[in-house]
Amino acid sequence: MRKILFTFFIFSTLQVGAQTLVNRDPFISGMVQEVSADSLEAYVRKLASFNSRHTLNRDAENGMLAAQAWVLGKFESFATQSGGRMTAIIDEFTIPADGRRIQEDSPAANVMATLKGTDPNDDRIFIVSGHMDSRNKDVMDADNPAPGANDDGSGTALVIELARVMASREFPATIIFVAFTGEEQGLKGATYLSDKIKEEGKNLIAVLNNDIVGNSESSGTLIKDNLKMRIFSETIPVAETERMAAIRRYSGSDNDSPSRQLARYIKETGERYVDQMEVKLIYRPDRFLRGGDQTAFARNGFTAVRMSEMNENFYYQHENVRVEDGIQYGDLPEFMDFEYLRKISAVNLSSLANLALSAGIPEEVRIDVRGLSNFSKLVWQAPKTGKVKGYYVLMRETSSPMWEKKFFTTETEISLPYSKDNYFFAVQSVSELGGESLAVFPSPLTR
């Protein structure tokens, strides 16, 4: 009989929303419990109190410059609890004129806090982001009131709150908390940072972008639901090479891009730690006619997803504050659900913390297709960074959106009594700290 190299397996039915059998880590659970709806509300109300956070607004007293200084001050206050590991900056840059939403070269800046990893041999970076710029119906209106409470004060508040909770904790990998500017003018701040990271050759593993995450009631259909959120992820990578495309076609992995693996990871981890929240996987890069800062990173080949509320209210997005035909328009704090924002923030925190506690991904993950067999053999190499206690080999039916079985092994190969023709597989490392890495879909081993 063939040797089957695994210690035990865990079966989970995440595709129907049941909780995984993997235990909650008390370290992560403790942080999740600290996320505060009251803190998030205070951040959003302060952000909305600035007259306009339009990218081209240069008001240092009550506009974008004042808002950036306030966010920087919050980051710096949290940094005092970090033992010197957190630093914060306003990263200034110039947006070149594009003849559309930037008529002339314009100064801009992202506000960033960096929580440096504790492992000097771990160069991995994880980003959580939102955009702090706001807009009215006229995207070029830089002067009139534009509170931007939900779009995207909610995402910015989430980033601030995660920085507050995580600053005093230690993680092997580095976490960057970013409040972008220029999103409404064409993803300018995200493009600047993505290009900078690529040019510097930094090891950016994943971007968790949050845009419009604080409202639980829809316009038109009048749905009220704070039990669901969405993750948008690209199917075929924008930066896919010809070789990557050939492997994808051969292995049938159209639904297994790195961003899809990240989305699945967030769903599994978020639902593990956050009660009364279902994470819905949306199989497209973003909404129709809209976009988000994650796209700027995807264009450069980085793994990035967008988190968003389940039901949007379009009376409050990209609208001037006014009452018309008895309807209040405008992106005001009173239309937000801060308990809902707390839960989405907790989904981000649990996923980000688990990633930052993980070891690197398994290297050279392959599935043996050199012969006909009803067994599936996978082989891989240890991660380049971090200490591992073992690996999960994941399995699902080809029609399933989520991984359905997990096989744990301390080896770097496994042979399973399931046909490779009928299932998809992936491998993730498990660190000594208990963090699971992102899953790696195997490439075919043909010779």
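This is a predicted model: local features need pLDDT of at least 70, side-chain atom pairs count only at pLDDT 80 or more; totals for chains, interfaces and linings use all residues.

Visitor: Which residues touch the most other members in the largest nonpolar core?
Guide: Those are Phe75, Met166 and Phe177, in a core of 75 residues. Helix 9 (residues 338-356) contributes the most to this core, namely 11 residues. A nonpolar core is a set of buried Ala, Val, Leu, Ile, Met, Phe, Trp, Tyr and Cys residues joined through side-chain atoms within 4.5 Å. Buried means under 20% relative accessible area, exposed over 50%, and partly exposed in between, using a 1.4 Å probe and protein chains only. Helices (H or I, at least four residues) and strands (E, at least two) are DSSP runs, numbered from the N terminus.

Visitor: And what is Met166 in contact with?
Guide: Setting aside neighbours within four places in sequence, Met166 has contacts (heavy atoms within 4.5 Å) with Met31, Leu115, Phe171, Ile175, Phe177, Leu349, Leu352 and Ala353. There is also a second, separate core of 15 residues, including Ile125 and Phe302.

Visitor: Switching topic: what volume does the largest pocket have?
Guide: About 1,300 Å³. Of the 46 residues lining this pocket, Met244, Pro258, Ile361, Val440 and Phe441 are the closest to its centre. On a 1 Å grid over the protein atoms alone, a pocket is an open set of points with protein on both sides within 12 Å along at least five of seven lines, a cavity is a set where a 1.4 Å probe fits but cannot get out, and lining residues have an atom within 4 Å of a point. Grid points are joined across faces, edges and corners, and a volume is the space filled by probe spheres set on the points.

Visitor: Which helix gives the most to that lining of the largest pocket?
Guide: Helix 6, with 5 residues. By class, the lining of the largest pocket has 21 nonpolar, 14 polar and 11 charged residues. Here Ala, Val, Leu, Ile, Met, Phe, Trp, Tyr, Cys and Pro count as nonpolar, Asp, Glu, Lys and Arg as charged, and the others, Gly among them, as polar.

Visitor: How many cavities of 30 Å³ or more are there?
Guide: There are 3, and the largest cavity holds about 70 Å³. Among the residues that line the largest cavity are Asn150, Tyr316 and Met336.

Visitor: Now Gln294: where is it, and is it buried or exposed?
Guide: Gln294 sits in helix 8 (residues 294-299). Gln294 counts as buried because its relative accessibility is 3%.

Visitor: What does its side chain reach?
Guide: The Gln294 side chain reaches the backbone oxygen of Pro285 at 3.3 Å. A polar contact of 3.1 Å also links the side chains of Gln294 and Asn209. A polar contact is a pair of N or O atoms within 3.5 Å; within protein, one must be able to donate a hydrogen and the other to accept it, and residues adjacent in sequence count only if both atoms are side-chain atoms.

Visitor: Last one: is Lys420 buried or exposed?
Guide: Lys420 is buried, with a relative accessible area of 17%. Lys420 lies in the loop between strand 16 (413-416) and strand 17 (423-431).

Notes:
Residues are numbered from 1 along each chain as its sequence is written. Side-chain values use heavy atoms; hydrogens and water are left out.
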